[in-house]
Amino acid sequence: MNTIGVVVVSYNTASLLRRCLASLASCRLSLQIVVVDNGSLDDSVALVQREFPHVMLRERPENPGYAAACNEGIAWLSNNCDAILVLNPDTEVLPGAIETMADFLAIHPRVGLVGPRLLNPDGSLQRAAFRFPDLITTALDLFPPGEVLPGRLYDSWWHGRYPYELGNEAFPIDYPLGACMLVRTSTIAEVGGMDEDYFMYCEEIDWCRRIKQAGWAIWHVPAAQVIHVGGAATSQFRWRMQVALWQARQRYMRKFASPTVQRLFRVLLVIGMLRLIGKTWYTYLTGQIDRDVLRGQLLAYGTILQKTHNFSPIPVAKVTR
């Protein structure tokens with residue numbers, strides 16, 4: 001592959017964005033980099049202009065969501081690049097990672113997307129390869145292993161994990177964590193970009209589902225390594241992000257699950273939110289959280305319950321054509 005496009009969507013993460021863009025300098029391939037800024041109020045825009053003049057900058061006065069901003073960057077680069085690297089600003093690409101992923105795509109012509117091994121800042125493994133969510137993974141998210149259910153389920157197949165991720169060999173997956181994904185431009189041309197109705201969360205799951213439906217394979221390549229901090233932008237609005245997460249999951253289920261599964265998902269979500277409301281009151285009354293945290297968590301869970309009440313199952317065939 002001759003040229004790789006890199007799309008970084010930023011939102012108030014200037015210090016991390018600097019490390020991310022600086023880490024790309026070690027790549028030996030030709031890179032075309034675009035930063036799409038979603039209305040940052042910090043130094044993000046000025047940083048790119050001042051320290052990375054070779055990076056293209058797209059400024060959006062408001063935050064339209066991650067998927068919409070990512071699609072703008074992809075559209076800007078697709079005509080001139082063989083593949084697009086979708087990269088979070090809270091990542092640091094280790095030397096050779098992009099080359100390794102690009103080589104994998106070159107060798108495997110029916111692989112449309114690859115993800116690297118993600119590492120926490122301390123060098124430990126961060127889970128980055130997953131199965132598509134279903135009712136079992138939803139139940140394990142709402143009733144966490146080690147807290148409600150047996151702890152051994154956390155890293156299990158039932159929780160969407162792959163045991164192969166602990167090894168060093170590449171293997172096929174359903175989808176990677178969206179912090180870093182290398183996608184063929186020909187794959188994007190066939191299936192389209194991310195669904196912009198996801199504001200935050202699940203857009204990469206939806207994208208990968210459509211990529212696999214189109215006959216492309218998706219692989220995890222542990223020889224490519226990327227450090228990922230995680231939650232740098234979403235932690236700025238914690239309760240809103242909880243609402244966005246479950247709204248996104250409901251949208252995903254509406255698109256890809258049968259009406260029966262959608263109804264069962266709704267029941268699980270209602271029970272899960274009621275459990276969390278009870279847990280929040282308990283932690284407040286026992287002095288583990290203050291009133292502000294109580295208010296934020298109750299607002300999030302109450303909003304999710306309200307939106308779940310308006311969740312109406314639809315025939316899956318209407319949205320997967």
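Biologist: Where is Asp174 found?

Modeller: Asp174 sits in the loop between β9 (171-172) and β10 (175-176). Keep in mind that this is a predicted model.

Biologist: Is Asp174 buried or exposed?

Modeller: Buried: the relative accessible area of Asp174 is 16%, and the cut-off for buried is under 20%.

Biologist: OK, and which residues does Asp174 touch?

Modeller: Leaving aside residues up to four places away in sequence, Asp174 touches Phe130, Arg131, Phe132, Tyr162, Cys208, Lys212 and Ile218. With Phe132, a polar atom of the Asp174 side chain lies 2.8 Å from the backbone nitrogen.

Biologist: Switching to helix α5, which residues there are buried?

Modeller: In α5 (residues 135-142), the buried ones are Thr137, Thr138, Ala139, Leu140 and Leu142. Their cover includes α8 (238-256) and α9 (259-285).

Biologist: What caps the N-terminal end of α5?

Modeller: That's Asp134, with a side-chain oxygen 3.1 Å from the backbone nitrogen of Ile136.

Biologist: You mentioned α8. How do the axes of α7 and α8 cross?

Modeller: The axes of α7 (residues 203-213) and α8 come within 10 Å and cross at roughly 20°. Angles under 35 degrees count as roughly parallel, so α7 and α8 are roughly parallel to each other. Their crossing is right-handed.

Biologist: And which residues meet there, between α7 and α8?

Modeller: From α7 you have Ile205, Asp206, Arg209, Arg210 and Gln213, and they meet Tyr252, Lys255 and Phe256 of α8. By class, this contact has three nonpolar, one polar and four charged residues.

Notes. Residues numbered from 1 in each chain as written. Predicted model: local features only at pLDDT ≥ 70, side-chain atom pairs only at ≥ 80, totals over all residues. Heavy atoms only, no water. Helix = DSSP H or I, 4+ residues; strand = E, 2+ residues; numbered from the N terminus. Buried < 20%, exposed > 50% of the residue type's maximum accessible area, 1.4 Å probe, protein only. Polar contact = N/O pair within 3.5 Å; in protein donor to acceptor, adjacent residues only side chain to side chain. Contact = heavy atoms within 4.5 Å. Axes fitted to C-alpha atoms, helices over the stretch in contact; angles between N-to-C directions. Parallel < 35°, antiparallel > 145°, perpendicular 65-115°, else oblique. Left-handed = near helix turned anticlockwise from the far one by under 90°. Nonpolar A, V, L, I, M, F, W, Y, C, P; charged D, E, K, R; others polar.
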